[in-house]
Amino acid sequence: MIRTGYRIRAASPVDASAIAHVYVATWRTSYHNLLPAATLSNMNEMRETLYWWTALCSARASTVTLVVENPEGRVVGFVSGGPDRGQGAARRAEIYTLYLLQDMQRRGFGAALLSACAARLAALGFNSLVVWVLAANSARGFYESFGGIAAASKTIRVGDRRVEEVAYLWADIRSAAQAVADSGDGVGDI
Ligand SMILES: CC(C)(COP(=O)(O)OP(=O)(O)OC[C@H]1O[C@@H](n2cnc3c(N)ncnc32)[C@H](O)[C@@H]1OP(=O)(O)O)[C@@H](O)C(=O)NCCC(=O)NCCS
């Protein structure tokens, strides 16, 4: 596991295009067997850049977006989270997105990002955490390995397909924040 020189930091609007690149590239490499081909090919980095630029410019104090950058300063992954968008308990946070470029996966960056984001959300006053994941996504193993409990499911429509999603819940957000031991607030060199 080579991680020397990588660091996690808060995202800013200038990261919008790098985040959009990671988002589109990772959807295409990770979801080609899970989602309709047309949905993936219709994804557009320019459109996603605009989305992230707007989101990061208007970010509320209750949301968190972090990136992991390599020693050359290139963004290779990111996480975002904030208030639960569902009908969950009060003070429940949600991880909205967590993506790493394919060749950056399984090096511990996902754990570091999850941990750092959960720590920041906990510091904002959230006390539990949820993340929705495609039921057929092997990333379920990632959330399970950090103590997430499958707590709900729903069917959503993506393009012309109905797909199942599963919610993983941490009743105590601090347990997700401790996914990486001694992570502190999780921001900085890793
Ligand atoms: C899911 C994802 C964020 C995990 O991040 P990561 O950096 O690859 O994972 P880590 O290296 O931190 O994994 C830590 C541990 O979690 C578990 N784990 C990680 N990915 C797993 C997988 N796909 N299946 C089963 N267990 C997994 C393993 O126990 C792993 O430890 P190990 O590598 O020593 O066996 C990343 O792989 C990714 O971006 N995947 C594609 C996009 C995606 O599905 N995102 C989630 C959307 S909800």
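Helices (H or I, at least four residues) and strands (E, at least two) are DSSP runs, numbered from the N terminus. The model you are looking at is predicted: local features need pLDDT of at least 70, side-chain atom pairs count only at pLDDT 80 or more, and totals for chains, interfaces and linings use all residues. Residues are numbered from 1 along each chain as its sequence is written.

- Leu 129 counts as buried because it has 28 C-beta neighbours inside 10 Å. The cut-offs are these: a residue is buried if 20 or more other C-beta atoms lie within 10 Å of its own, exposed if 12 or fewer, and partly exposed in between, with C-beta atoms placed from the backbone.
- Leaving aside residues up to four places away in sequence, Leu 129 touches Ala 93, Ile 95, Ala 118, Leu 121, Trp 170, Ile 173 and Ala 176. Touching, or contact, means that the two C-beta atoms, placed from the backbone, lie within 7 Å.
- The largest nonpolar core has 44 residues, and Leu 66, Leu 113, Cys 117, Ala 118, Leu 121, Leu 129 and Ile 173 touch the most other members. Helix 4 gives the most to this core, with 10 residues.
- A nonpolar core is a set of buried Ala, Val, Leu, Ile, Met, Phe, Trp, Tyr and Cys residues joined through C-beta atoms within 7 Å.

**Strand 5 and its partners**

- Strand 5 is mostly covered, with 5 of its 7 residues buried.
- Strand 4 pairs with strand 5 in the parallel sense over 4 bridges, and Ala 93 stands opposite Leu 129. To get from strand 4 to strand 5 the chain passes through helix 4, in a right-handed β-α-β crossover.
- Strands pair if DSSP finds at least two bridges between them. A crossover is right-handed if, with the strands pointing away from the viewer, the path from the first strand over the helix to the second runs clockwise.
- Strand 5 and strand 7 (residues 161-170) run antiparallel and are joined by 6 bridges; Val 133 has Val 166 as its bridge partner in strand 7.

**Around the ligand**

- The shell holds 20 residues, of which Gln 105, Gly 110, Ala 111, Ala 139 and Gly 141 come nearest. A residue is near a molecule if its C-beta atom, placed from the backbone, lies within 6 Å of it.
- Helix 1 (16-30), strand 4 (92-100), helix 4 (109-123), strand 5 (128-134) and helix 5 (140-145) each supply at least two residues of this shell.
- By class, the shell has 9 nonpolar, 9 polar and 2 charged residues. Ala, Val, Leu, Ile, Met, Phe, Trp, Tyr, Cys and Pro count as nonpolar, Asp, Glu, Lys and Arg as charged, and the others, Gly among them, as polar.

**Loop residues to look up**

- Arg 91 lies in the loop between strand 3 (75-83) and strand 4, and its phi is near 65°, a positive value in a residue other than glycine. With 14 other C-beta atoms within 10 Å, Arg 91 is partly exposed.
- Arg 91 and Leu 129 are 38 residues apart in sequence and 8.8 Å apart in space, C-alpha to C-alpha.
- Arg 106 is in the loop between strand 4 and helix 4; phi of Arg 106 is near 60°, again positive in a residue other than glycine. Arg 106 counts as exposed because it has 11 C-beta neighbours inside 10 Å.
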